[in-house]
Amino acid sequence: GQSFKLLGFLDVKSVPCARESVLYGSVGSLVVGLGHFVATSRVRRSCDFAVGGFICTMLGYWFYCRYNLAQQRIRQRMLKEGMRNRILFEGSSFDPERKPTGSERSDS
C-alpha cells in the first residue's frame, strides 16, 4: 500500500510514534486554537496559536514516545541478557539460586 509521508520525509506508518504524534498534535492544535479563539475572538492569531499548539504537542509527544520506546528496548535487552546469563550459569557453581552440595562446600 501507499504509505503516507508527512512533510515528504516522515513515513507515518512505519516510524513508531509518528502516527500518534500527528494525532495528538492535531488534537492539541484544535484545543489551543479554539481556546485562544474563545478567549480573544481573533481568528488569525488563533490560527497561529493552533499551528504552535500542533507543533508543540506533536514534538512533546514524539519525545515522550521515543523516550518510552528507548526505555522498553533497554528493559528487553536487560531481560535477554538476564536470560542468557541464567542459561549460562544455571547448574554451574556461579548459579546464585543453587544450594552448595556436599562436594562443593569447603570444610574450613
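Ser26 sits in helix H1. Is Ser26 buried, partly exposed or exposed? With a relative accessibility of 30%, Ser26 counts as partly exposed. Keep in mind that you're looking at a predicted model. In that model, Ser26 and Gly53 are separated by 27 residues in sequence, yet their C-alpha atoms are 8.4 Å apart in space.

**The overall layout**

Let's step back to the whole chain. It has two helices and two strands, and starting from the N terminus the order of the elements is β-β-α-α. Helix H1 covers residues 18-40, while helix H2 takes in residues 43-89. The chain has 108 residues, and 19% of them count as buried. As for how the chain meets itself, take the contacts with a separation of 6 or more: 48% of them come from residues 24 or more positions apart.

The UniProt entry, which is unreviewed, lists the feature "transmembrane region" at residues 21-39 and 51-69. So what does the model show at residues 21-39? The span is 100% helix and 0% strand, and its end C-alpha atoms lie 26 Å apart. Residues 51-69 are likewise 100% helix and 0% strand in the model, with 27 Å between the end C-alpha atoms.

Now for the aromatic rings. How many aromatic pairs turn up? The count is two. One of them joins Tyr24 and Tyr61: the pair is tilted, with 4.6 Å from centre to centre and 40° between the planes. This pair links distant parts of the chain, since Tyr24 belongs to helix H1 and Tyr61 to helix H2, 37 residues apart. Tyr61 also pairs with Tyr64, again in a tilted arrangement, at 5.9 Å centre to centre with 50° between the planes. Those two tyrosines are three residues apart in helix H2, so about one helical turn separates Tyr61 from Tyr64. Put together, the ring pairs link Tyr24, Tyr61 and Tyr64 into a cluster.

How open are these rings to the outside? Tyr24 is partly exposed because its relative accessible area is 41%. Tyr61, at 22% relative accessibility, also falls in the partly exposed class, and so does Tyr64, with a relative accessible area of 48%.

**A nonpolar patch and a buried histidine**

Helix H1 has a couple of other spots to look at. Which residues form a nonpolar patch on the surface? They are Val27, Leu30, Val31 and Leu34, which together have about 390 Å² of accessible area. Leu34 is placed in helix H1. Leu34 counts as exposed because its relative accessibility is 51%, and the cut-off for exposed is over 50%.

His36 is in helix H1 too, but His36 is buried, as its relative accessible area is 15% and buried means under 20%. What is His36 in contact with, if you leave aside its neighbours within four places in sequence? The list is Ser41, Arg42, Arg45, Ser46 and Phe49.

**One salt bridge**

Side chains of opposite charge can pair when their charged atoms come close. Searching the whole structure turns up one salt bridge. The partners are Glu81 and Arg84, and their closest N and O atoms are 2.9 Å apart. Why is the separation about one helical turn? Glu81 and Arg84 are three residues apart in helix H2, which means about one helical turn lies between them.

**Accessibility side by side**

Here are some of the residues from the tour, with their classes.

| Residue | Relative accessibility | Class |
|---|---|---|
| Ser26 | 30% | partly exposed |
| Leu34 | 51% | exposed |
| His36 | 15% | buried |
| Tyr24 | 41% | partly exposed |
| Tyr61 | 22% | partly exposed |
| Tyr64 | 48% | partly exposed |

Notes: Residues are numbered from 1 along each chain as its sequence is written. This is a predicted model: local features need pLDDT of at least 70, side-chain atom pairs count only at pLDDT 80 or more; totals for chains, interfaces and linings use all residues. Side-chain values use heavy atoms; hydrogens and water are left out. Patches are made of residues with over 30% relative accessible area and no salt bridge: like charges are joined within 9 Å, nonpolar side chains (Val, Leu, Ile, Met, Phe, Trp, Tyr) within 5 Å. Accessible areas come from the Shrake-Rupley method with a 1.4 Å probe; for residues, only the protein chains shown count as cover. A salt bridge is a side-chain nitrogen of Lys or Arg within 4 Å of a carboxyl oxygen of Asp or Glu. Helices (H or I, at least four residues) and strands (E, at least two) are DSSP runs, numbered from the N terminus. Buried means under 20% relative accessible area, exposed over 50%, partly exposed in between (1.4 Å probe, protein chains only). UniProt positions are given in the numbering used here, feature names are shortened, and annotations may be inferred rather than shown by experiment. Rings of Phe, Tyr and Trp (its six-membered ring) pair if their centres lie within 6.5 Å; planes under 30 degrees apart count as stacked, over 60 as edge-to-face and the rest as tilted. Contact means heavy atoms within 4.5 Å.
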